[in-house]
Amino acid sequence: MADLRINFAGIKSPNPYWLASAPPTNTGYQVQRAFEAGWGGAVWKTLGDPVLNVTSRFGAHHFNGQRVAGFNNIELISDRPIEENLKEIYETKKRFPDRAIIASIMVEPKQAKWHEIVKRVQAVGVDGFELNLGCPHGMSERGMGSAVGQQPDLVEKSTMWAKEAAEVPVITKLTPNITDITATARAAEQGGADAISMINTINSLVGVDLDTWNTIPNVNGKGAHGGYCGPAVKPIALNMIGESARNPHITIPISGIGGVSTWQDTVEFMLMGAGGVQICTAAMHHGFRIIEDLVDGLNNYLDDKGIVSVSDIVGRSVERYTDWSNLDLNHKIVARINTDVCINCNKCHIACEDTSHQCIDMLQDKHGIEYLEVREEDCVGCNLCSIVCPVDGAIDMVEAERLETPMSWNERQTAIQMLEQNIVNS
Amino acid sequence: MNDSKQPSMTLTTLLENFEEAKPSYNSAEAINEANRCLYCYDAPCMEACPTGIDIPSFIKKIASGNLKGSAKTIMTANPVGASCARVCPTEELCEGACVLNHSTSPIMIGDLQRYATDWAIKNEQLLFQQGEKHDKRIAIIGSGPAGLSAARELALLGYHVVIYEAKEEAGGLDTFGIVPFRLPKEISLWEVDQVSRLGVEICTGVEVGKDISPQELLDNHDAVILAIGMSKVPMLGIEGEQLAGVYDAIELVERTKTYGVADEFVDKRVAVIGAGNTAVDGATTSVRLGAKNVKILYRRTVEEMSAYDFEYEFAKQDGVEFRWLTAPKRLIGDEHGRVTKLECIEMELIEEKVGGRKRPVEVKDSSFMMDVDIVVKAIGQTRYRSLIEEFQLVHHDGVVRVNQETYQTSNPKVFAAGDVIFGKGQGEAMVVSAAQQGKETAYAIHRSIKPSKTETA
């Protein structure tokens, strides 16, 4: 049994799984149910000045018969009185002292406002704060959420103001609706954040109804952009985490959010630098009980790899994430089709023929049996065939014979420069 | 003794036994199954379909919610595609060729085809438009799968097509010859309707050779297609065959599709002679008519049986018993002339000297009596020889000889397709093959008689 405990920026949790600040953490009843099921922590649905919500609120992107490839919402922060939330936070913490309760908070970017809310919430006893500088809908139109999170100076100031009053760790939650997330991540660190969390939801419109021509979701015939999350956003989140983790100016821990649905996703996020993860959509899709496999699968994975503590994997893939210019131009892989496993659906052929490099031939052996073969000399090793192949093990991407020593674009440019220098000097 | 599964005995409940046995997919099932399809390139299922339906395409259209397009893709290639969705031996054709046989389990192509065509039926879709008319006239004798398919293609090509059908309703085998719990009559009649709405004239209740002469057809048309299929079950050639309680399996099925059900089989012991698909139809119909016990008697073994595997399974699930290596010798009746006993004899299979099929021979002194109330004959089908001879066509025991490419008979103006050309090493007996032959016959006629533009210029 591996040690799944984490100590994230000073916040202790029995496992790396926190519920993200969202509908699942709206009430004490819900958070307590989650803790009963085994969740390690919960980021309470954002507290702030009272708001009004609309119906409907959610939409989902379904794909090829599978429900919820992506999920979208236009719900605002908590619409319940702050006193009730605080009372329930107190009760929940009392009942589950070993779990992490982090209060998500959002106010206008004013020092007094931040001081006030931090002190008020802190008084009931929370393990940390998460500053919601990322909510992309509604609140942003009132100068909060992502309207703050898109401006590094406001991110820095808001963080600083919260930190001035906070006696527990402060996590600054960042919006992905920005060109370069490392800019706001650095700003948070400069503001004194103990950690950052990413990503909040992405601006999105999930669909248009083909019969009514209304947006999905719609509120009495009108729609507004929402925040996108769920499995579809995982690669975007993973990149932003990786970019932040490998940035030498960002040294504080990262709480990983965005499409985490399985223990495998969790391992990937942690390898790419997340000190723990936050989950929402997967729980909204299936209920809190998913925590059982999230914990069990992670534990078995770590045991199989002989890893004692989950914290040992944090950031282990970061050094492998770099700029394109550092990739080896002389590395060659090619596709190889295992005809004994191949079921001859010919999807690799048509994908390669129509949309890649025309190097998979449909052939017949001397008995008239059809088979597929890669002309390796023409293969660019793009992976497309193995991506579309429906059968595990039918296509291997194998290393081709190395003809030249490794050289990246940067090394090449440096070498050329040196050569030119030599010519000039000589 | 394992009695056949006992359905309820009132006429209303007997009627329920004849409702389609297999439920249709609901939309979630269809979409799940459609999404499982790999959408192969150069797909082997398509290759395996005698009518060459673009299967990946129609399945993709189900997945995308384009059901009209899906039904049209199916019906374009196969004018009796709704019937074939139910009666094709799919595990030997498209589903048997599915690449997923090598990894998980094949796509249920037949069920998906049924889902798409059922949608078109329920939503009263007209999928095709008549082609630009010209003055060429074609007569088609028989409105079964071959005749109907030829008519549909010719109508699309602008021909004036008249179908002559001896029965009161069109559709042939699909309408009358396939048990309603596998293929309800309405499905076949929808396919007929699709064709008639293309301007094809369908003259039902008109028997060529009686109501209209072959010569008249030949005189008034540019070509005649003989798509008359096959006839009744032949005589067993044993004593007592005229007794009351002896049925022809094909007529029995036809009766249930024409007049509904009667209670004459309730609680009866039924022996079905033969082990082809028609025998299974006779047996399962008997079960559903309330028979107490139904046995299939076959003089060879399960190995030689010509019924499809899924038909055999279907019969077993209905509780039908099989008596292999058993042949009928004599039917014995009571004083009212009703059959009461069937004298049988055990058989054994003898290896023929010059290879070929094993020959069944009687085992000496092995005859035994079987108590029966009803005997259903299903030992094959006879041919409409007299009509074939009236057309003066070359044939082999009633199997009309055709040019394999053009479906032209010995009379260049007469073409033939479907069961009328099946047998003696020629053709295929499946509905789907008949449909394809009908299409190919239409194209051959079009190639041979439609004046080309250069000729008319």
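**Exercise 1.** How far apart are the centres of domain 1 of chain A and domain 2 of chain A?

Solution. Taken over C-alpha atoms, the two centres are separated by 41 Å. The domains themselves cover 6-320 for domain 1 and 328-399 for domain 2, with bounds that come from an automatic or database domain assignment.

This is a predicted model, in which local features need pLDDT of at least 70 and side-chain atom pairs count only at pLDDT 80 or more, while totals for chains, interfaces and linings use all residues. Residues are numbered from 1 along each chain as its sequence is written, and chains are lettered from A and ligands numbered from 1 in the order in which they are written.

**Exercise 2.** Describe how helix 2 of chain B packs on helix 8 of chain B.

Solution. Begin with the residues, which are 27-36 for helix 2 and 109-122 for helix 8; helices here are DSSP runs of H or I with at least four residues, numbered from the N terminus. Next, the axes, lines fitted to C-alpha atoms over the stretch in contact, lie 10 Å apart at an angle of about 130 degrees, on a scale from 0 to 180 degrees between N-to-C directions. The two helices are therefore oblique to each other, since angles under 35 degrees count as roughly parallel, over 145 as roughly antiparallel, 65 to 115 as roughly perpendicular and the rest as oblique. Finally, B:Ala30, B:Glu33 and B:Ala34 of helix 2 meet B:Asp111, B:Leu112 and B:Tyr115 of helix 8 in the contact, where contact requires C-beta atoms, placed from the backbone, within 7 Å.

Notes. Two residues are in contact if their C-beta atoms, placed from the backbone, lie within 7 Å.
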